[in-house]
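Hi everyone, thanks for coming. Let me put the sequence and the model up on the screen, and then I'll walk you through a few places in it.

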Amino acid sequence: LIIDEVNLAGPTESEHAGLHHELSDPGTLMGFYGPLGPAKKVRSTLSKYDIGEQKYDLLYGDLHRHSAYSKCMSAVDGDPLDHWRWAHDVQELDFYAITEHIELQSYLEWRLVEDLTESLSTNGKVLALHGFELGVPPGHTNFFYTDPKIAHDIRIACLAAKAGGHDLREVWSKLDEWLSEKKIVAIRHYHANTHQTDDLIETYNPKYEQVVEIIQTRAESPGWVQSLWRKGFRVGVVGSSDHSRNAPYPMAMTGLWLPEEEHTRESVLDGLASRRTFATNGVKISVFLSASNLDGKETLIMGDEGKIHGSTKLTAMASGTTKIESVEFRRNDDVIHVETVGAEEVSIDYVDENPGPGEHIYWVKVTQFGELEGTRPDWGVAYTSPVWVTTIESVSYTHLRAHETEADLVCRLLLE
C-alpha cells in the first residue's frame, strides 16, 4: 500500500457556500465538548515562557490514540484518517500519534497507519509521530519514533518478545543491539493493575523511558506514578487519551515545553526525553514549574535533577481556560501547600523552608473551575513533571563557631 499524498486542508470558501457559520467570539468552541458544555476559551493564554536565557514555546498533543485497526475497541475508535482530521481541524493539536496494538494488527494494517503518518509529516500543522502499543509483561507500553527506516526493527523486537512470552527486558535488549543510536521514546500506561509488581524496577530502562501516563480518559493515576517514583523510576508525566470510550473525560492531553522555534518531530521526542511536560485531562491549561534557592542563583525546571543549597523556592505559573481554582505544591507523597486562586492566570511562589537533607521530588497539581456548574469529576486538571532536588543544608557561621575546636580557631584566625 502506497499513499502518495494526503491533504488535510479544509474546503475553500466557495466550496463552503451555504454552510458558512461565523462565530461571534473566535475563542469560543461551540458544542464540541458534549455533556460538559462549551469551553470559554479553546486554550489558555500562557503559550511562551522565559527562564534565564532560555525561551520556551508550549505545544499540545495526544500520544495515545487507537483506530479501528487496533481491534481492542474497534467499534468506537474510528478510521485513521478521521483521527488525523480531528487532530488537525477540530482539536488543533501540535503533535499526535496513533498507537495501534501491534500484536493485533496485520502487516498490511500496520503499513497503512505507518504510511499515512509519514505522508502527514509535512502537513505544516500537526507533527505526526510514528507509534504503536505493545502488551507484554509487566503491562502496556507505547513506543514512538520519527525515522520510518527503523520501524521494521522496532516492530520485530516487540513482536518477538510477545511471541516468546518475554517481558520488556527482551525488547530493550534487542533495541540496544539493533538501534542503539536511534531516538525511541517508550511510555508506560496504567491499565488493569499492570506495572505494579515488586520487581518492576528490573524492567525499567531510562534510556528509552523518560515519561509515563498519569491521565487517560478512564481516570487519573497519580498514586500509580508515585509508586513508580518510590521504586526508583526517574520519569515525568504525560496525558494521553487511549480509546474513544464512554469515560469520565472525553480526552487527555500532553503539554510540552520546547525551546523557542524548535517545532519538529525530532524536537518533540527530545522534549519528551527531557521531561519538560505536564498532563491535562483534555483542557488546554498551561503550567510551568521551577525550583531555585532563595537568591535565584541555582535554578531547576520541571524535568531537571540537581542540587539546591538551603531552602527551596518553588514557582508555579498557571493559566486556564476558565479561572484557576487551586494550585497544590507537592513534595514526594505529601501536599505541602495549597494556594486558592480565583484568576485565569497566576504566578505563585512557595518556599519549602525545611525540606531536610537528601533528594526530594517536587511537583504541582493545578485545578481550574468547572466549565459548567456542578459537573463531576473536575474537568480541567493538570499535573506537572517533577523537579528532583537534592537539598544541601546550609550551615551557619555562628553554628560553626559554636562548635569549633582550638585548632579550628587558629585556622579561622589565620584565614581572616
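Let's start with a quick one: is K297 buried or exposed? K297 is exposed, because its relative accessible area is 71%, where exposed means over 50%, buried under 20% and partly exposed in between, with a 1.4 Å probe and protein chains only. You'll find K297 in the loop between strand 12 (286–292) and strand 13 (299–301).

A word on the background. This is a predicted model, where local features need pLDDT of at least 70 and side-chain atom pairs count only at pLDDT 80 or more, while totals for chains, interfaces and linings use all residues. Residues are numbered from 1 along each chain as its sequence is written, and side-chain values use heavy atoms, with hydrogens and water left out. Helices (H or I, at least four residues) and strands (E, at least two) are DSSP runs, numbered from the N terminus.

Now to H195, in the loop between strand 7 (185–188) and strand 8 (211–215). H195 counts as buried because its relative accessibility is 1%. A polar atom of its side chain lies 2.9 Å from the backbone oxygen of H140. Leaving aside residues up to four places away in sequence, H195 touches several others, including P138, L168, R188, W224 and L228; touching here means heavy atoms within 4.5 Å.

On to helix 2, residues 80–90, where P80, H83, W84, W86, A87 and H88 are buried. At its start, a side-chain oxygen of D79 comes within 2.8 Å of the backbone nitrogen of L81. After the helix comes E92, with a positive phi near 50 degrees.

What does helix 2 meet in helix 3? P80, L81 and W84 of helix 2 meet L112, V113, L116 and T117 of helix 3. By class, that contact has six nonpolar, one polar and no charged residues. Ala, Val, Leu, Ile, Met, Phe, Trp, Tyr, Cys and Pro count as nonpolar, Asp, Glu, Lys and Arg as charged, and the others, Gly among them, as polar.

Last stop: helix 3 against helix 4 (residues 151–163). Here Y107, W110, R111 and E114 in helix 3 meet A151, H152 and R155 in helix 4. The residues of this contact divide into three nonpolar, one polar and three charged.

Definitions and conventions: Polar contact = N/O pair within 3.5 Å; in protein donor to acceptor, adjacent residues only side chain to side chain. Axes fitted to C-alpha atoms, helices over the stretch in contact; angles between N-to-C directions.
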